[in-house]
Amino acid sequence: MDDRPPVTPDTEGGVMGLTQVEPSPVEETPAEFKEDYFPSASAEPKRTSTLGLGNHGAAWYLTRVQRYSSYAFTVFASFHIANTSIIPLFTRSVSESNRYLLLTRPYYQSALTEPLLVGIPLIAHVTSGIALRFYRRRQALKRYGAETHRDRKTIKWPPVSGTSALGYLLLPLAAFHSWTTRGLPIYLHGDSSVINLSYISHGFALHPFVSFAGFTALVGVGVWHTTWGWARWLGLAPHQVTDTDAKRHLIKKRRWYGINAVSALVAGLWLAGGLGVVGRGGATVGWIGREFDELYNTIPVLRSWGT
């Protein structure tokens, strides 16, 4: 008599007959989150702190500092694109747009709002991103047991994403723009109240090549970095697709094209007002024009490039 158990549909095919499923994304999960991804069965519930933040690792806090700091800076960017592009497109006049600039500029350039919307968020965003990269590097060295300098050289640094690369490229562009429009006037004249859209038009008239190239690079890099960053915060980035069926590749492609289309639309709008109206406003005459000349003549890169 055969004592073997009856063959069932679940055991008939043996190992080769098992249904194939997608592999677990554990290898794509950052090391600092893998413990939470596969919690221990005997682990006790995590206790929350007094503020309800919980016992999270450093990467959790750094990521949220990087995220929430971008919210505040986006508010400033919205005001800025309105003043430098949308309003000039409607008025088709630099002098008329300056009136609206003077009305709205105190909201994001006052002693209180400028640090809250620009300075502190920018510093927090950059430093948290760099700190997060070093933290993940340290975690990788610890995971692989790298103790000597030779061991550490064999372990690669965490890869730099395209969004992060754009952010690093944006730093010198934004710093130069901030210095020429805020830092330099305050350093030479004590304040920057005379700086307006006419000052930008004056720079385009004096140094057209550097101005057009620099402004295009600043807007393009800034818009693409911001749009892709917001796509990540909203869970809409291509690498965040969770579907495991055949549509995964199609969804990722649609998201890639969609994010770049939004980036191109926003950048095109900004450049249309910035280059098409402000960039063609011409030089300023009189004593204000001479003050503009003095400011631009103190910038070494403009003196070396000439006109």
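Visitor: As I understand it, buried means under 20% relative accessible area, exposed means over 50%, and partly exposed lies in between (1.4 Å probe, protein chains only). What kind of model is this, and how are its residues numbered?

Guide: This is a predicted model, in which local features need pLDDT of at least 70 and side-chain atom pairs count only at pLDDT 80 or more, while totals for chains, interfaces and linings use all residues. Residues are numbered from 1 along each chain as its sequence is written, and side-chain values use heavy atoms, with hydrogens and water left out.

Visitor: OK, how many helices and strands are there?

Guide: The protein chain has twelve helices and zero strands, where helices (H or I, at least four residues) and strands (E, at least two) are DSSP runs numbered from the N terminus. Of its 307 residues, 31% count as buried.

Visitor: Is helix H8 enclosed or open?

Guide: Helix H8, residues 197–206, is largely enclosed by the rest of the structure, because eight of its ten residues are buried. Those buried residues, among them Tyr-199, His-202 and Phe-204, pack against helices H2, H3, H7, H9 and H11, contact meaning heavy atoms within 4.5 Å.

Visitor: What caps the N-terminal end of H8?

Guide: Asn-196 does, with a side-chain oxygen that lies 2.9 Å from the backbone nitrogen of Ser-198.

Visitor: And which residues have the most contacts inside the largest nonpolar core?

Guide: A nonpolar core is a set of buried Ala, Val, Leu, Ile, Met, Phe, Trp, Tyr and Cys residues joined through side-chain atoms within 4.5 Å, and in the largest one, which has 27 residues, Tyr-199, Phe-215, Val-219 and Trp-270 have the most contacts. Helices H2, H3, H5, H8, H9, H10 and H11 each supply at least two residues of this core. Leaving aside neighbours within four places in sequence, Trp-270 is in contact with residues including Ala-77, Ile-81, Phe-215 and Val-219.

Visitor: Switching topic, how many salt bridges are there?

Guide: Taking a salt bridge as a side-chain nitrogen of Lys or Arg within 4 Å of a carboxyl oxygen of Asp or Glu, the count comes to two. In one of them the side chains of Arg-182 and Glu-114 meet at 2.6 Å, N to O. Arg-182 lies in helix H7 and Glu-114 in helix H5, so the pair ties together parts that are 68 residues apart in sequence.

Visitor: Is Arg-182 buried or exposed?

Guide: Arg-182 is buried, with a relative accessible area of 18%, whereas Glu-114 is partly exposed at 22%.

Visitor: What about the pair Glu-96 and Arg-99, how far apart are they?

Guide: Their side chains meet at 2.9 Å, N to O, and because they are three residues apart in helix H3, about one helical turn separates them. Arg-99 counts as exposed, at 54% relative accessibility, while Glu-96 is partly exposed at 27%.

Visitor: Last one: which residues form the nonpolar patch on the surface?

Guide: Ile-130, Phe-134, Trp-157, Val-160, Tyr-168 and Leu-171 form it, with about 550 Å² of accessible area together. Patches are made of residues with over 30% relative accessible area and no salt bridge, with like charges joined within 9 Å and nonpolar side chains (Val, Leu, Ile, Met, Phe, Trp, Tyr) within 5 Å; the areas come from the Shrake-Rupley method with a 1.4 Å probe, and for residues only the protein chains shown count as cover. Helices H5 and H7 each supply at least two residues of the patch, and Val-160 lies in the loop between helices H6 and H7.

Terms used: A polar contact is a pair of N or O atoms within 3.5 Å; within protein, one must be able to donate a hydrogen and the other to accept it, and residues adjacent in sequence count only if both atoms are side-chain atoms.
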